[in-house]
Amino acid sequence: MNIFDELIVKTNALLPDMGMPFVPVADVSKHRGQRSELILGRETAFELGGSNCPCVNGNFFTQDESLVPEDEIFVLGNDLHQLKKDSPFARFAFIRTGDIEQHGEQGAYAILENIGIRKYDVFPKGYMVRTSALSNREQIRVSKTALKNRLSFADVGTMYIEEYKKNKYVEAVKMVFVTLPDVDYIQLDRMATLSNQLFRALNKMAADLKMDCKACEWKIVCDEVEGMKQLHEKMLNNQHE
């Protein structure tokens, strides 16, 4: 499935040179926390996305090995131990899967959905995640204890990679963390929004192959993302075979 590839390319173009990646950490057990950890204000060192700073997260899927060659973690800007105050923040997961289309359109969608929700099972110790159901915001409260224990984005990224790869169809994951002040977070948020909308359009397409594209609320997304119309035609052809 390559319908997200264009968004991956556009998202990468919005980011500066990524430099050398971190490899996943061999053992992150000391940094694993408990589900729904509460970090109070007096225990907080800073917040990623706090003080009205921008913050955004997104998942993107591909089968193109050139876009996600292996498990990698990139940190653009200051790492956790280098931050002293609230900071803008972006976190993206670029996830390469095997051939999931062999399971049919509804099966492929179910696989992607299962992969996407695994981000909610990542709980680094001293790293409290607050997400919004109405936007792409992912605000992080980092504790003073986590900094003393040298929690890093490499540790956090490793936990995400390990969680995503619990799904047998995930072959590689590229995690990108951004704390730079001068990145275009508005456009990054737009890419994340398009990815979410594309995912929803794929769901409707799988559920209603005979839908009227002209009347579909996701038409604007399909018009913007190359490959969606071709995918719809392929799905229709497969239905008639």
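Reading helices and ring pairs

Reply: This is a predicted model. In helix 2, the residues A108, Y109, I111, L112, I115 and G116 are buried.

Me: Which residues are buried in helix 1?

Reply: Helix 1 (residues 5-13) has D5, L7, I8 and T11 buried. Their arc around the axis is only 160°, so they too share the same side of helix 1.

Me: How is a pair of aromatic rings described?

Reply: By the distance between the ring centres and the angle between the planes. This structure holds 8 aromatic pairs. In one of them, F4 and F61 have ring centres 5.5 Å apart and planes at 75°, so the pair is edge-to-face. F4 is in the segment before helix 1 and F61 in strand 2 (residues 55-62), 57 residues apart. Both F4 and F61 are buried.

Me: What kind of pair do F153 and F177 form?

Reply: Their planes are at 20° and their centres 4.7 Å apart, so this pair is stacked. F153 belongs to helix 4 (residues 153-164) and F177 to strand 7 (residues 170-178), so the pair ties together parts 24 residues apart in sequence.

Me: Which charged end sits over the ring of Y160?

Reply: That of R91, 4.4 Å from the ring centre. K174 lies over the face of F94, 5.2 Å from the ring centre, and F94 is linked with F60 and F92 in a cluster of ring pairs.

Terms used
Residues numbered from 1 in each chain as written. Predicted model: local features only at pLDDT ≥ 70, side-chain atom pairs only at ≥ 80, totals over all residues. Heavy atoms only, no water. Buried < 20%, exposed > 50% of the residue type's maximum accessible area, 1.4 Å probe, protein only. Helix = DSSP H or I, 4+ residues; strand = E, 2+ residues; numbered from the N terminus. Arc of directions from axis to C-beta. Phe/Tyr/Trp six-rings, centres within 6.5 Å; stacked < 30°, edge-to-face > 60°. Lys NZ or Arg CZ within 6 Å of the ring centre and 35° of its normal.
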